[in-house]
Amino acid sequence: MIMFCAELDGAERLFPPEKLKEIENVLDMIYSANAGQLSFRAMASVNPLFRFVLNNFLLPSREKKIQAYLSDPSVRCSPYLRKVYEEALKPRRVPDLHELSERANVVMSLFDEMLKDGQWLLGQEDTAADCVAAIWVQWIVWADTPLVAVTPRVIFYNC
């Protein structure tokens with residue numbers, strides 16, 4: 001979606017053509033350190049009520065919803081959609097809190113290193129990478145897990 005935005009009129013400032021590959025690398029790093037999963041896992045590790053709701057209501061309702069989609073005639077007639085929903089029902093390996101924290105720490109270290117030379121990740125001007133990274137950093141901060149080290153340089157960048 002974000003790379004689609006790079007092709008829109010007026011996007012050159014946030015997506016400079018000479019930095020597209022670097023922006024894509026930063027976005028890949030951010031996506032690999034899934035802040036949403038990290039925040040859910042961190043909350044479930046400290047809050048028994050959240051863990052109960054997650055395991056007994058949210059996850060089972062997701063499965064019921066997928067089953068309902070599979071019984072829809074428009075999905076049954078589409079081999080592609082049927083395959084997508086059947087894949088979603090298969091058990092999959094979900095990273096645990098420590099693995100997610102390790103990924104986030106790697107990204108935080110890289111961001112800290114990239115910010116040593118200035119205010120922005122990829123040079124003297126802000127790019128789409130800075131926009132997405134700033135939101136990701138805040139999400140990690142809000143996850144409030146002691147397993148992820150957030151340096152002052154990273155937490156205050158882009159403020």
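How many residues does helix H4 have, and how far does H4 reach from its first C-alpha to its last? The legends below take up this question and a few others, all for a predicted model.

**View 1. Helix H4 from end to end.** Helix H4 covers residues 48–71, which gives 24 residues. From its first C-alpha to its last, H4 reaches 34 Å, close to the 34 Å expected at 1.5 Å a residue.

**View 2. The N-terminal cap of H4.** Here Asn47 caps the N-terminal end of H4. A side-chain oxygen of Asn47 lies 3.0 Å from the backbone nitrogen of Leu49.

**View 3. The buried residues of H4.** Leu54, Ile66 and Leu70 of H4 are buried. The partners that the buried residues of H4 pack against are helix H3 (35–46), helix H5 (73–76) and helix H6 (79–89).

**View 4. Where H3 meets H4.** The axes of H3 and H4 are 5 Å apart, and the two helices pack at an angle of about 120°. H3 and H4 are therefore oblique to each other. On the H3 side, the contact is made by Phe40, Met43, Ala44, Ser45 and Val46. H4 contributes Pro48, Phe50, Arg51, Leu54 and Leu58.

View 5. Let us finish with Asp112, in helix H7 (residues 97–114). Asp112 counts as buried because its relative accessibility is 16%, and buried means under 20%. Leaving aside neighbours within four places in sequence, Asp112 is in contact with Thr151, Arg153 and Val154.

Conventions
Residues numbered from 1 in each chain as written. Predicted model: local features only at pLDDT ≥ 70, side-chain atom pairs only at ≥ 80, totals over all residues. Heavy atoms only, no water. Helix = DSSP H or I, 4+ residues; strand = E, 2+ residues; numbered from the N terminus. Expected span 1.5 Å × (residues − 1). Buried < 20%, exposed > 50% of the residue type's maximum accessible area, 1.4 Å probe, protein only. Contact = heavy atoms within 4.5 Å. Polar contact = N/O pair within 3.5 Å; in protein donor to acceptor, adjacent residues only side chain to side chain. Axes fitted to C-alpha atoms, helices over the stretch in contact; angles between N-to-C directions. Parallel < 35°, antiparallel > 145°, perpendicular 65-115°, else oblique.
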